[in-house]
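Please keep the sequence and the structure open while reading.

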Amino acid sequence: MRKRTTWTVVAAAALLATATGCGAADMTRQSSPYANAAGDGKTVTLSVQSWVGARANTAVAKYLLEKELGYRVDTVQVDEVPAWDALSQGRVDALMEDWGHPDQEKRYVADKKTVTDAGELGVTGHIGWWVPKYFADAHPDVLDWKNLDKYAAQLRTPESGSKGQLLDGSPSYVTNDKALVKNLKLDYQVVFAGSEAAQITQLKQFAKEKKPFLTYWYEPQWLFNQVPMVEVKLPEYTDACAEKGAADPATVDCAYPTTPLKKYLNTEFAKKGGKAARLLKNFHWSKADQNEVAQMIAEDRLPADEAAKRWVQRHPDVWRAWVR
Amino acid sequence: MSSATTTVAPQAAAPPGALRAAWQRPAARKLLLLGAVTAVLAPFAAARWGSGAWPSELAVSLDGPLGRANDWIIDNRDSHWLFLHFFGHISNAIITAVRTVYVVLLALGWAGVTAGASLLAWRLAGVRAGATALASFAVCGLLGMWVPTMRTLALMIVAVAASVAVGALLGLAAGLSDRMFRGLRPVLDTMQALPAFAYLLPVVLVFGIGVAPAVLATVVYAAPPMARLTALGLRGTDQGVLEAVDSLGATGRQRLLTARLPLARRELLLGVNQTIMMALSMAVIASVIGADGLGDRVYQSLSTVDVGAALTAGIPIVLLAIVLDRTTAGRGSWAGVPRGGTGGHDQPRRRTRTATTWAAAIAATVALGRLAGTTWPETWTVAIATPVNEAKDWMVQHLYSGIPGIGGTADWAAQYTGWVLDPLRDGLQALPWWGALALVAALAWLIGTWRTALTAVLSLAAIGVLGRWEPAMDTLSQVLAAVAVTLVLGFAVAVPAARSPRVDRLLRPVLDVFQTMPQFVYLIPVVALFGIGRAPAAAAAIVYALPAVVRIVSQGLRQADPAALESARSLGATGGQQLRQVQFPLARAELLLAVNQAVVLVLSVVIIGALVGGGALGYEVVFGLAQGDLATGLMAGTAIACLGLMLDRVTQPTKEANR
């Protein structure tokens with residue numbers, strides 16, 4: 001009796017091994033189970049990040065892929081850094097807006113060659129610290145970081161306690177703010193709003209009551225049209241500082257660089273993706289274009305597809321070149 | 001907390017005679033012993049390591065090793081044999097399975113799936129369940145959520161099948177072997193007390209982000225109830241029946257298949273039901289690690305505070321939960337009715353007929369599906385996002401703040417944060433670490449045994465050792481405040497429900513619906529009402545935990561011995577006196593259970609509240625996932641698990657303590 005059970009188990013294990021192919025199964029080559037379910041090889045998976053600019057890129061790319069080229073497009077919410085891993089594993093095909101991740105670039109593009117550089121998006125990104133214009137007009141010297149401590153008392157909130165509040169947004173964004181506050185010995189506390197949307201809600205509330213605030217923010221961003229802000233000058237960005245920061249992020253003590261935003265594709269997709277890969281490589285638009293779509297999504301509350309449709313109808317001159 | 005201090009304080013000042021009298025009472029004896037131990041150890045600890053937060057000398061930083069392990073895994077995921085020949089196959093099997101189910105669902109088409117699900121629900125649980133299924137699937141389609149719903153369903157089917165298989169096997173082992181049962185039971189109990197978020201990081205570490213890790217996390221989360229109920233069902237078999245079967249000369253296998261398993265059917269079906277509900281809850285949360293489907297839509301919308309879009313994806317989740325629960329729970333009660341007693345000869349013919357009916361139904365469903373097309377027609381959808389957002393904006397403008405007299409929701413949120421959460425957090429963080437340990441030990445020992453007290457203290461110490469003391473105290477303050485509110489509200493609702501059958505009848509369906517909803521769904525409305533921060537997280541937690549508390553408390557109160565109540569009434573006790581002096585004391589075990597459940601449920605939501613600005617430990621998990629910094633996320637995840645274990649043990653009443 002016992003012997004028979006053992007044999008059954010062995011047989012089952014053998015069967016299982018045969019069924020699964022017995023050999024190696026590389027999980028980095030396994031795509032999403034939902035991809036290409038129709039079986040016609042015309043599905044593209046785009047990663048979406050939480051900020052509105054990235055949603056605008058993806059929305060327009062999705063619209064053109066579906067309506068102009070006849071693909072089926074899946075979008076998956078993945079933050080920037082995990083998106084690199086997902087890209088490398090082929091679980092998503094494209095990352096449309098990367099704000100500069102030297103570590104990941106080295107690992108996946110240079111060493112493993114599983115991710116391919118797909119050129120620039122056409123938009124230049126800049127991260128910095130900003131104060132509202134009404135506050136800067138009243139106190140022009142706040143625009144130099146050396147004077148920030150003078151205003152710490154005015155920028156206190158319940159969440160920042162006895163220090164001034166430096167408002168950060170989503171935990172997924174590129175930020176050195178904690179290191180900056182420490183290394184520049186500022187009397188500030190970095191407070192994370194939890195998401196960009198939360199940060200925007202908060203900034204609008206401050207602006208409505210004409211309260212002062214200091215926030216981590218970036219360009220291009222549609223919110224500038226509604227809440228005019230002025231950048232605070234941080235110690236100048238230098239190559240030496242960048243190298244130091246690359247070695248140990250906790251030592252950064254200078255401003256953020258100005259980054260040309262880039263697109264990345266999964267290498268396999270870049271080679272075999274046909275027209276879809278070509279479109280994503282050619283995708284190149286201006287700050288104004290991106291802001292136009294972003295504002296429709298975030299401010300006018302249009303569904304992303306609808307916003308993309310309107311932009312596509314207004315600007316055939318821009319995108320015609322991409323689909324050729 | 002207050003009960004401990006009030007009992008200690010008078011004793012300290014009492015004369016020796018009173019001390020000896022106090023010694024007679026077990027609770028006081030425990031406290032005195034513990035007080036003595038603390039009095040000896042605390043000055044030493046305070047002198048050696050200070051009296052603030054957990055001393056850094058006693059903390060171990062695992063950032064370095066964990067970070068290196070993470071890098072190693074990423075670099076070797078496509079080359080090392082462990083991944084190629086072991087994890088790779090697991091991942092492959094899951095992806096193949098989900099894909100197969102998904103393709104089948106798509107091939108059935110929207111009409112096929114809707115008709116098939118309705119038929120199945122009808123067959124298993126009656127006409128009403130069938131109608132519910134029909135309406136629910138139609139609404140999913142109408143909302144334009146057909147494809148995400150099918151993805152979640154495909155993932156669920158695979159995850160539930162795996163959970164039931166794993167759970168049943170474990171349960172079988174634990175049901176048949178005493179040693180296995182003793183070993184497994186605490187593990188299963190603990191797993192059920194841990195928040196879902198704690199399970200995400202380890203699978204991401206190995207598998208990265210995607211559907212395979214999401215399914216695995218779901219299986220790990222959903223299998224314990226199945227295992228537990230299977231084991232309990234098998235062990236609860238009537239000894240008389242077993243003896244009878246033995247005397248008929250049955251072999252071990254016959255005994256299992258013909259007597260023990262059929263007799264445990266009710267538990268088995270209840271296990272399947274619970275597993276399905278847990279799996280749905282987790283499948284939605286797992287969108288944070290790439291599960292796709294409905295959860296992903298909610299997650300995307302929450303990150304942009306787009307309440308309308310979140311609700312569009314949230315409604316199908318709720319409907320799916322209701323359909324699954326009604327269908328499987330209906331099956332459970334129906335199975336309790338003994339059947340098959342009438343003429344054994346009838347059985348085969350009936351089975352043939354059923355099979356024919358089924359084959360015909362399936363064929364018709366498939367044909368219907370092929371005719372109607374794969375996905376829901378795009379023109380048949382209703383976009384509710386824009387009107388919902390307009391309603392939300394209206395609410396924000398009118399309810400948010402400045403309503404004369406009562407203030408607005410944002411004002412309440414600010415007051416709750418400023419007057420309850422902040423002082424509590426500052427108090428907990430200012431508490432000397434050895435004091436916190438002693439306090440936890442005292443509470444756990446008073447309510448439970450020295451074993452639960454030891455586990456609780458060790459868990460709390462582990463949080464300190466991991467260096468997560470301050471965020472853990474932040475989370476703890478959110479949990480304690482929310483639990484207090486939950487209990488107050490819960491008792492306020494449960495007492496009338498226990499006293500008046502009419503209130504109970506009104507309440508029951510509401511509780512049913514609320515108890516089946518996945519945790520993630522509760523985050524949507526609170527963002528609309530309270531904005532972002534710790535207050536909305538607390539509100540979600542309270543609403544989530546309330547139904548369980550109401551149900552347990554009202555049940556406990558109603559079970560109070562009628563004779564005891566009658567005699568109290570004949571002595572002229574008022575309603576309030578009856579409640580305080582008869583019903584509450586008699587329902588002590590249930591009340592403690594309610595507290596325990598409230599703590600466990602609140603913690604699980606406070607943690608995912610990080611997605612709406614709750615901060616603390618949950619935020620660190622989100623941060624770890626978002627930045628690919630798994631070391632931070634994993635440590636926070638472990639700390640969450642420890643916190644869950646500690647809170648569960650502190651509030652866990654045991655038989656010994658009830659004696």
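The domain assignment divides chain B into domain 1 (108–337 + 355–373) and domain 2 (409–658); such bounds come from an automatic or database domain assignment. Their C-alpha centres lie 26 Å apart. Domain 1 of chain B puts 30 residues into the contact and domain 2 of chain B puts in 31 residues, where two residues are in contact if their C-beta atoms, placed from the backbone, lie within 7 Å. On the domain 1 side, the elements that give two or more residues are helix H8 (178–193), helix H9 (200–207), H13, H14 and helix H15 (307–336) of chain B. H15(B) has the largest share of that side, with nine residues. By class, the side of domain 1 of chain B that touches domain 2 of chain B has 25 nonpolar, four polar and one charged residues. Here Ala, Val, Leu, Ile, Met, Phe, Trp, Tyr, Cys and Pro count as nonpolar, Asp, Glu, Lys and Arg as charged, and the others, Gly among them, as polar.

Two conventions apply throughout. Residues are numbered from 1 along each chain as its sequence is written, while chains are lettered from A and ligands numbered from 1 in the order in which they are written. The model is predicted, and local features need pLDDT of at least 70, side-chain atom pairs count only at pLDDT 80 or more, and totals for chains, interfaces and linings use all residues.

Chain B has 30 helices and zero strands. Helices (H or I, at least four residues) and strands (E, at least two) are DSSP runs, numbered from the N terminus. Of the 659 residues of chain B, 50% count as buried; a residue is buried if 20 or more other C-beta atoms lie within 10 Å of its own, exposed if 12 or fewer, and partly exposed in between, with C-beta atoms placed from the backbone. Among contacts in chain B between residues at least 6 apart in sequence, 79% join residues at least 24 apart.

One helix pair can be followed in detail. Helix H7 (residues 146–176) of chain B packs against helix H13 (residues 265–285) of chain B at an angle of about 135°, with the axes 9 Å apart. That angle makes H7(B) oblique to H13(B). Angles under 35 degrees count as roughly parallel, over 145 as roughly antiparallel, 65 to 115 as roughly perpendicular and the rest as oblique. Axes are lines fitted to C-alpha atoms, for helices over the stretch in contact, and angles run from 0 to 180 degrees between N-to-C directions. Residues making the contact include Leu155(B), Ala159(B) and Val164(B) of H7(B), and Val272(B), Thr275(B) and Ala279(B) of H13(B). By class, this contact has 10 nonpolar, five polar and no charged residues.

Is Val164(B) buried or exposed? Val164(B) is buried, with 23 other C-beta atoms within 10 Å. Not counting residues up to four places away in sequence, Val164(B) touches Met226(B), Val272(B) and Thr275(B).

Chain B also meets chain A. The contact takes 49 residues from chain B and 35 residues from chain A. H5(B) gives the most to the chain B side, with 15 residues. The residues of that side divide into 23 nonpolar, 19 polar and seven charged.

Chain A is assigned domain 1 (39–124 + 259–323) and domain 2 (126–258). The centres of these domains of chain A, taken over C-alpha atoms, are separated by 28 Å. In the contact, 19 residues of domain 1 of chain A meet 11 residues of domain 2 of chain A. H11(A) gives the most to the domain 1 side, with six residues. That side divides into seven nonpolar, eight polar and four charged residues.

Some backbone details of chain A remain. The peptide bond from Glu219(A) to Pro220(A) is cis, with omega near -5°. Pro220(A) sits in the loop between strand S7 (214–219) and strand S8 (229–232) of chain A. Two residues other than glycine with positive phi are tabulated below.

| Residue | Phi | Other C-beta atoms within 10 Å | State |
|---|---|---|---|
| Lys113(A) | about 55° | 10 | exposed |
| Lys185(A) | near 55° | 8 | exposed |

Lys113(A) is in the loop between helix H4 (102–111) and S4 of chain A. Lys185(A) is in the loop between helix H6 (177–183) and strand S6 (188–192) of chain A.
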